[in-house]
Structure formats: C-alpha cells, structure tokens
Amino acid sequence: MKVTLIGIDLAKNIFQVCGVNQAGKRIFNRQVRRTKLIELLIQHPDATIAMEACSGSNYWGRELQQRGFQVMLIPPQHVKPFVKGNKNDRNDALAITEAAKRPNLRCVEPRTVAQTDMIQVHRVLDRLIHQRTALINQIRGLLSEYGIVISRGKEKLLAALPDLLEDAENGLSSSSRALYQAMVDEWRQINQAIDRVEKVLKGQAKADEAAQRLMKMKGVAERIATATIAQVGNGHGYQNGRHFAANLGLVPKEYSSGGKQRLGGITKRGNHYLRRMLIQGAWSVIRNVDRNDDRMSCWARQLIERRGKHKAVVAVANKMARIMWSMLYHQTEFRAN
C-alpha cells in the first residue's frame with residue numbers, strides 16, 4: 001500500500017522511521033542509519049515527512065525541502081499525548097504520525113542557514129553572560145567570608161578588586177589573594193569573549209536589511225532585532241502578531257470554567273530568551289516615556305496611570321512583538337506616529 005505520511009524520531013546515528021498509509025495504517029516502523037535515511041525516503045516521493053522540532057530537525061527540514069518533500073516540524077508537546085504504552089523509539093515515531101494527522105496542528109518552519117547563524121551567536125552570548133554572572137556571584141560570596149562587601153554593580157566590583165588585592169590590612173590570606181587574582185583574570189577573559197561575540201552580532205544586524213528596519217523602533221537594538229529574526233524569519237510561520245506574542249508567553253494564563261473567566265500572570269511559554277530581551281526593551285521605553293510624544297509612549301503613559309509600571313511593561317513588550325511580526329511579515333517600515 002502507498003505510504004502517504006512518514007514520521008521520523010530523530011537521533012544522532014540511528015533514526016526510527018514509521019510510514020503509514022492514507023487510512024493511518026502502519027506500513028513499516030523500523031530503524032534506519034543516518035547514512036541510509038535519504039535513500040529510504042526517496043522511495044516514497046509523495047509522502048509527507050513529520051518530525052519533532054528538536055536539535056537537528058532544522059537541518060533535516062531544509063535538506064528534505066530541497067529534495068521536494070513536504071516537511072512538518074511538530075512541537076514536542078503536541079506529540080507527547082499520542083505516545084501509547086511505554087516510551088520507546090517505535091512508539092515515539094508512531095506518535096509523530098498520529099500527531100501529524102491532526103487537522104488544526106500548527107507546525108514550525110525550518111530555520112534558514114542565516115537564522116541558524118543568528119541564533120547560535122545569541123546562544124553563545126547568553127552562555128558567556130551566565131558564566132560571568134556566576135563568577136561575579138561567587139566572588140561576592142567568597143569575599144563576604146572575610147567581611148568584605150562591595151557596592152552593587154559588576155563595574156564597581158571589578159574596579160575595587162585590584163585595590164583589595166593590594167591592601168595588606170583587609171585580612172585576606174596569601175592563598176585567597178592568588179585565588180581572587182585568578183578569578184579576576186578569568187573575568188577579564190570572559191569580558192573579552194563577550195565583546196568579540198557582540199561584534200559578530202552587530203555585524204549580522206548591520207548586514208541584515210530586516211534587522212535595520214526593526215531597530216528603528218524604540219527599545220529595539222541589535223540583540224532584540226536579530227533574536228526576533230532568528231525566531232520569526234519572515235513571519236509566515238505565525239497566523240498573526242497576536243499568535244506570535246502568545247507563542248512568546250506574553251499573554252495571561254487562563255483557567256476559565258462554567259462561564260467564569262479567570263486570568264493570571266503571563267504564561268511564560270516559548271522562547272524565554274527573546275521574551276526576556278523584549279521585557280528589557282520595554283523597560284527602556286517605560287523609563288523614557290515622559291520625554292517622548294510618539295504614539296507608543298503616549299499609549300504606555302496612559303497604561304501606567306491605569307495599571308502601574310510592571311503590567312505596562314508586559315503590555316509594551318506584547319505590542320513590540322506584534323509590531324515586529326507585522327514589519328517582518330508585510331516587509332514594512334516602522335511608523336512611530
């Protein structure tokens with residue numbers, strides 16, 4: 001019988017491939033080595049290929065689309081309910097085919113190579129910043145064991161450390177001084193690595209026409225612009241701006257029943273990195289709202305009066321996400337007024 005849908009449970013070297021016909025009956029469900037996968041798939045040129053959106057799925061999505069296949073990248077949370085019995089590769093591949101047949105399923109668009117380049121820079125930068133933060137917190141915690149407390153701010157701490165290491169009267173032992181000197185050297189190396197990655201990020205933003213358009217919006221600089229492009233692409237993977245904002249978790253949780261609507265805090269779903277960047281960008285808009293008279297600032301000022309700054313920040317971030325989606329989808333310029 002003709003195979004119309006193939007579900008692939010991705011792995012490093014050995015993939016589980018499940019093929020079903022139009023009625024959903026399983027035709028095969030077997031393991032295939034990485035080097036033999038394309039050879040198997042080209043035997044079913046009319047089949048739709050379904051995979052979970054995970055590490056490696058964007059590469060395989062691009063490769064199969066170039067060969068003329070229709071590709072579906074399914075979010076993992078939509079596959080899990082269809083896993084029957086024990087969790088194993090055979091059941092996972094079958095569950096992917098079951099989920100792919102749902103009529104209202106929203107799939108993920110495979111990232112382009114340019115999007116992949118952007119998102120990788122952001123992931124490296126985020127890792128380096130987390131490493132620096134952990135190092136700073138450790139330095140402060142260790143100094144407190146000697147009764148030494150430095151003012152808040154990483155710049156103040158870095159500026160104070162050389163004098164602390166030279167001060168012979170502060171109670172630091174010789175071994176601790178050597179340890180702190182090594183940590184300061186490590187901190188400076190991380191700073192240099194962050195500067196190099198940020199230069200790459202700025203170069204990507206400067207070379208990308210869409211990023212240049214996004215950066216004309218208040219609160220949007222290189223990091224937010226390139227992170228949004230890496231996530232959205234041309235915007236066609238989302239129904240509208242509201243869908244994109246909801247995908248980022250910038251909408252209220254809902255627990256409604258019996259005709260009573262109950263709304264809570266934001267859902268915090270989706271890309272937490274981009275959501276955090278948008279919240280930071282929204283704060284920059286809120287802090288300067290009294291000095292600007294553009295449409296968004298006036299709207300934010302009224303919102304602050306009604307709901308307070310913290311709720312206004314989330315609302316501004318939501319609006320920024322919607323505007324950026326519209327600019328990418330329709331390829332338009334930002335209009336402040």
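Analyst: A residue counts as buried under 20% relative accessible area, exposed over 50% and partly exposed in between, with a 1.4 Å probe and protein chains only. By that rule Asn 170, at 16% relative accessibility, is buried. The model is predicted, so local features need pLDDT of at least 70 and side-chain atom pairs pLDDT 80 or more, while totals for chains, interfaces and linings use all residues. Residues are numbered from 1 along each chain as its sequence is written, and side-chain values use heavy atoms, without hydrogens and water.

User: Where is Asn 170 found, and which residues is Asn 170 in contact with beyond its neighbours in sequence?

Analyst: Asn 170 is in the loop between helix H6 (154-166) and helix H7 (174-207), where helices are DSSP runs (H or I, at least four residues) numbered from the N terminus. A contact is heavy atoms within 4.5 Å, and, leaving aside neighbours within four places in sequence, Asn 170 contacts Tyr 146, Ile 148, Leu 164 and Arg 177. Asn 170 and Tyr 146 are 24 residues apart in sequence, with their C-alpha atoms 8.2 Å apart in space.

User: Which atoms does the side chain of Asn 170 reach, and with which side chain does it make a polar contact?

Analyst: A polar contact is a pair of N or O atoms within 3.5 Å; within protein, one must be able to donate a hydrogen and the other to accept it, and residues adjacent in sequence count only if both atoms are side-chain atoms. The side chain of Asn 170 reaches the backbone oxygen of Leu 164 at 2.7 Å, and with the side chain of Arg 177 it makes a polar contact of 3.0 Å.

User: Which residues have the most contacts inside the largest nonpolar core?

Analyst: In soluble globular proteins, nonpolar side chains tend to be buried together. A nonpolar core is a set of buried Ala, Val, Leu, Ile, Met, Phe, Trp, Tyr and Cys residues joined through side-chain atoms within 4.5 Å. The largest one here has 43 residues, and those with the most contacts inside it are Leu 214, Val 220, Phe 244, Leu 278, Val 316 and Met 320. Helices that each supply at least two residues of this core include H8 (209-214), H9 (222-232) and H13 (309-330), and the largest share, 10 residues, comes from H13. Val 220, for its part, touches Leu 214, Met 215, Ala 225, Met 320 and Met 324, not counting residues up to four places away in sequence. There is also a second, separate core of 24 residues, which includes Val 121, Leu 125, Ala 193 and Val 197.

User: How far apart are the end C-alpha atoms of H13, and which helices do its buried residues pack against?

Analyst: The expected span of a helix is 1.5 Å times one less than its number of residues. With 22 residues, H13 should span 32 Å, and its end C-alpha atoms are 31 Å apart, which agrees. Among the buried residues of H13 are Ala 312, Val 316, Met 320, Met 324 and Trp 325, and the buried residues of this helix pack against H8, H9, H10, H11 and H12. H13 is followed by Gln 331, whose phi is positive, near 55°.

User: How many aromatic pairs are there?

Analyst: Rings of Phe, Tyr and Trp (its six-membered ring) pair if their centres lie within 6.5 Å, and planes under 30 degrees apart count as stacked, over 60 as edge-to-face and the rest as tilted. The count comes to four aromatic pairs. Tyr 59 and Trp 60 form an edge-to-face pair, 5.3 Å centre to centre with 70° between the planes; Tyr 59 is partly exposed at 37% relative accessible area, whereas Trp 60 is buried at 6%. Trp 325 and Tyr 329 form a stacked pair, 4.8 Å centre to centre with 20° between the planes, and both lie in H13, four residues apart, about one turn of the helix. Trp 325 is buried, with a relative accessible area of 7%, while Tyr 329 is partly exposed at 31%. Phe 15, Tyr 59 and Trp 60 form one aromatic cluster.
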